[in-house]
Structures are given as C-alpha cells and as structure tokens.
Amino acid sequence: LLGVYLALHLLGVLKWRLLINLAGADLTFSQAVRCYYWGLFGNIFLPSLVGGDLVRGGMAFLFTRSKPAIVLGSLMDRVQDVGGLLGVTIIGVLFLPGSLDYRSHKTIWTVAAVLAVGGLAGLGSLFVIPVRKFPFKLKRIMVKLRRGVLSMYRRPGRMAFCFFVGMLLQLSQVAINYSLGEITGLHLAFGLWLFAWPLAKLSALLPVTQGGIGVREVALVSLLAPFGAPPVQTAAVGLTFQAIVITGGLIGGILALLMGRLSSSASAPERAHGKVGELAGSEAE
C-alpha cells in the first residue's frame with residue numbers, strides 16, 4: 001500500500017503541473033516531480049496539509065521566472081483538491097440513502113456552497129480591484145495573475161480533466177484506507193469510507209498539528225462512530241495510514257534529493273563544454 005500511495009501521487013504531479021503550466025509556469029515533468037515530492041516531504045514537518053504546498057511552490061520558484069503562475073496554479077490545485085474531497089463525500093452520501101439525517105445533509109451542502117462562493121469571490125476580486133492604484137511591482141503581479149486566470153478560463157476541458165484526476169487520486173486514497181480497514185478487521189461499507197474519510201482529511205487543513213497528525217484521526221473516529229465503527233479500530237486504521245503518509249514523505253524527499261543530484265551531475269559536463277567553447281572562441285579572436 002505504501003508503494004501504491006507513492007505511485008498514485010504521480011497523478012497529483014500530473015494535475016499540479018498542468019495547472020501551473022496553464023498559468024504560464026512552463027515546468028518539465030521531471031522538475032514537477034522533484035517539487036511535488038519535496039512538498040510531500042515538507043508535509044511531515046509543517047502545520048496542516050498546506051505546509052507542503054509552500055515547500056513545493058518554493059522549489060518551483062527555482063525553475064521558472066513566472067512566480068505568479070506558481071502561486072495561482074498551486075492555489076487552484078488546492079481549491080480543486082477541496083472540491084474533489086467534497087465531491088467524493090457527496091458520492092458517499094448518495095451511497096448512504098437514509099443513513100444521514102436532515103441536519104447532516106444540510107451541513108454538507110452548506111459547506112460546499114460556502115467554499116464554492118468563497119473561491120469564486122476570490123478569483124473575481126482579481127478583476128474587480130483597480131490595478132492602477134497599486135505600486136508598479138504589485139501591479140505587474142496582478143496583471144500576471146489575471147492572465148493566468150484567463151488562460152485557465154479559456155481551457156475549461158483541461159481544467160475539468162485536472163479536477164477529475166484529483167478526484168481519482170482522492171478515491172484511490174479512500175480505497176487504501178478501506179483496504180487497511182479490511183486488514184485490521186474494521187469491516188465497513190465502502191460508501192461509509194467515501195463519506196467519512198474526505199471530511200476527516202478536510203479537517204487536517206486546520207493549522208493545528210504537523211501535517212494534520214491527530215486531527216484527521218479524531219475526526220475519522222467521530223464520523224464513523226455513529227455507524228457502529230469501534231473507535232479503537234478506527235483510530236488504528238487512521239494511524240496506520242498516517243504511518244504510510246510519513247514514510248511516503250520521507251521516501252519522496254529522498255527521491256527528490258537523488259533527482260536533484262542526478263540532474264546536477266548530468267548538467268555539469270554541458271556547462272564545462274560551454275566554458276571550453278567560450279575559451280576557444282576568445283583565443284581565436
């Protein structure tokens with residue numbers, strides 16, 4: 001399952017690279033893999049799940065001049081992740097007809113509506129705020145952000161593709177937790193996992209603990225307890241998945257480090273050859 005977890009995150013690399021390149025970043029796939037897996041490593045040590053986004057974006061700044069494209073693409077990637085988690089939760093609700101009361105249904109749809117309105121309002125503010133009143137440097141950043149938003153708006157098919165790739169990644173992680181539950185003897189319907197696990201992951205966005213450790217497990221226990229899931233076994237599944245996340249982050253950091261070393265050693269002969277050419281040219285002159 002650890003190997004599956006690391007391989008599945010290549011879908012995350014694909015989605016993130018498509019989004020930042022739509023905004024104008026122009027990163028290669030190998031560069032995106034390095035940045036993304038450094039982000040997985042950063043998730044272990046930084047508060048909430050958003051900490052890894054900062055590490056990933058900071059590494060991407062080294063490979064592109066368009067920093068606003070990285071910021072906009074990464075922000076859209078996180079927005080799509082939240083939307084994908086809510087989408088998976090709604091699928092889980094559809095699998096549980098009559099199991100949730102009216103208040104639970106109302107809460108889920110209210111949260112989804114608030115997040116959707118907040119995201120649209122944030123993007124819309126880029127076009128409503130008068131750019132001319134800002135200093136030159138900030139004005140240039142705002143213009144680049146607007147161009148990135150328009151570039152994404154003009155490619156709705158690619159944006160939809162990125163969203164469904166993200167949903168596939170989230171569904172696959174639900175399947176990993178379902179498999180862990182079956183191994184530990186926590187036999188619950190897959191629809192219950194579709195409902196509870198995405199909401200538990202959303203709770204880990206709160207900047208309370210490193211990588212959301214503990215927050216996600218408590219939320220998972222609270223969400224599954226009304227359906228008869230033993231709290232001890234539920235917590236065991238959550239902590240086992242957390243062990244996979246931490247180990248995967250460590251391996252991801254090692255892979256990113258090795259890729260950087262290989263890239264540096266491969267580019268060293270090219271730089272040396274270029275210097276020799278410059279020296280030869282100067283001597284000829």
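How are α1 and α4 oriented to each other? In this predicted model, local features need pLDDT of at least 70 and side-chain atom pairs count only at pLDDT 80 or more, whereas totals for chains, interfaces and linings use all residues. Residues are numbered from 1 along each chain as its sequence is written, and side-chain values use heavy atoms, with hydrogens and water left out.

Helix α1 spans residues 2–22 and helix α4 residues 67–94; helices are DSSP runs (H or I, at least four residues) numbered from the N terminus. Their axes, 8 Å apart, form an angle of about 135°. Axes are lines fitted to C-alpha atoms over the stretch in contact, and angles run from 0 to 180 degrees between N-to-C directions. The two helices are therefore oblique to each other, a class left for angles that are not under 35 (roughly parallel), over 145 (roughly antiparallel) or 65 to 115 degrees (roughly perpendicular). Contact (heavy atoms within 4.5 Å) involves Lys15, Trp16, Leu19 and Ile20 of α1, and residues of α4 including Ala69, Ile70 and Asp77. By class, 6 nonpolar, 3 polar and 3 charged residues take part. Here Ala, Val, Leu, Ile, Met, Phe, Trp, Tyr, Cys and Pro count as nonpolar, Asp, Glu, Lys and Arg as charged, and the others, Gly among them, as polar.

Helix α4 also packs against helix α8 (residues 190–203), where the axes come within 7 Å and cross at roughly 150°. This angle makes α4 roughly antiparallel to α8. Among the contacting residues are Leu85, Leu86 and Ile91 of α4 and Leu194, Phe195 and Trp197 of α8. The contact comprises 12 nonpolar, 3 polar and 1 charged residues.
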